[in-house]
Amino acid sequence: MNQKNSNIFILTNNATGDSWELPVLEGSVGPDVIDVRRLYADTDHFTYDPGFTSTGSCKSKITYIDGDEGVLLYRGYPIDQLADKSDYLETCYLLLYGELPNPEEKSKFVNDITHHTMLHEQFNAFFHGFRRDAHPMAVMCGVVGALSAFYHDSLDINDPHHRMVSSYRLIAKMPTIAAQAFKYSIGQPFIQPRNDLSFAENFLHMMFATPAEEYKVNKTLSKAMDRILILHADHEQNASTSTVRLAGSSGANPFACIAAGIASLWGPAHGGANEAVLTMLNEIGTVDNINKYVKKAKDKDDPFRLMGFGHRVYKNFDPRAKVMQQSCHEVLGELGITNEPLLDLAMALEKIALEDEYFVERKLYPNVDFYSGIIFKAIGIPESMFTVLFAVARTVGWISQWNEMIEDPTQKIGRPRQLYLGEDVRDYIPLDKR
Ligand code: CMC
């Protein structure tokens, strides 16, 4: 028996007749939020919400999503405008500081990030501790966690300057770590960053140059890469961001928190989906097999899901997927790939899924990962690196959210409760009596 009364939500226990007034908080846009912070203390009950589908874990001013309308805003700016007009480092500045930089601020920020891209020389030895066939996400988890062992001078989380230095280091060094993880896996020497290149160009250079041959950066490809980075830069309180916040809520250092975020991102239901899309397309193989796989995806007794479809929040077209679809065609056009069987397969799958009653009813649209994998493949990035690239892009979102959390005076250590269904207290039975 609940009713909303202007800015108060009244909760009534039908069994006892007791009722409580819960404050309703208003966001700048989006639905109002019932403040349940005193619920347990006042009512002796707490809420049950696995997957947090109805729970706001924090206040935030960074990113806004309207999943029904397919809207994504970074600090109020629509994602399509940023993807079209901005660039990744400008978007990083926006996410970190809340406003677009003026020309001086932008040039200083670009210069500062560019001059933090090198890794401590000792990391070479660290990389060599991994097996050559290690998944690059495993390497990323380890190496990013290890940054805290190398950069002791920026670990005081209560010092805003330290926090900013760590943030810059993370944004700047992630592409270097990602490219080195790739080079290590293929047995090529590490390629050092170049300060005359843009963020995206430098990443492609570190991935594809060799000491024997310079990599000539193709502007269409670096533009597509930059756009992918913008589109993945932040996404509100998703699993990995919530992981970063939860890890950080205990006072852990930022490098450890971002390593935790990387681990969470790795799963196929989250950042691992772009790699899973390609694996799935390869498994489907030909357009003729699509119906069989769509049927499998609809079968409740079959764990198979169409990778790259559906989203926890978007129940409409993912606005990032729209931009990505266009980029995908630009890249394939530039590279002269007019007859890519995987793309044909992807397009046929997209069409069938968009028309199929099961997908339409459940509002399962293609998500951003559906197209990003195809672009990465066309650029020559191997599948095992797809989620790594997502991590590179998302680092700015994680670190911005982490900074926001530390600055929030209402922030507490994250500590959810549980609905306990186990045994009540019982006496220990000695081994010879069991
Ligand atoms: N294929 C087939 N059925 C699906 C799919 C799918 N990809 N996604 C959801 N469903 C069905 C699901 O079985 C359920 O059906 P019913 O109502 O009959 O039980 C209904 O749609 C609602 O699904 P849900 O699992 O309750 O939705 P969720 O919000 O818990 O899951 C998701 C969201 C992204 C985990 C899920 O859609 C999924 O597993 N998609 C494939 C993986 C993927 O592409 N992930 C990338 C997400 S975008 C990148 C990111 O932001 O990390």
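Three strands form an open, antiparallel sheet in the order E5-E6-E7, where two strands count as paired if DSSP finds at least two bridges between them, and strands (E, at least two residues) and helices (H or I, at least four) are DSSP runs numbered from the N terminus. Its edges are strand E5 (63-66) and strand E7 (77-78), each of which pairs on one side only. E5 and strand E6 (residues 71-74) run antiparallel and are joined by 4 bridges, and Tyr-64 stands opposite Leu-73 in E6.

The model is a predicted one, in which local features need pLDDT of at least 70 and side-chain atom pairs count only at pLDDT 80 or more, while totals for chains, interfaces and linings use all residues. Residues are numbered from 1 along each chain as its sequence is written, and side-chain values use heavy atoms, with hydrogens and water left out.

The protein chain as a whole has 18 helices and 7 strands. Along its principal axes, the C-alpha trace spans about 80 × 65 × 60 Å. Among contacts (heavy atoms within 4.5 Å) between residues at least 6 apart in sequence, 69% join residues at least 24 apart. Buried residues, meaning those under 20% relative accessible area (1.4 Å probe, protein chains only), make up 46% of the 434 residues.

At the other end of that scale, Leu-421 is exposed (over 50%), with a relative accessible area of 74%, and its place is in the segment after helix H18 (386-407).
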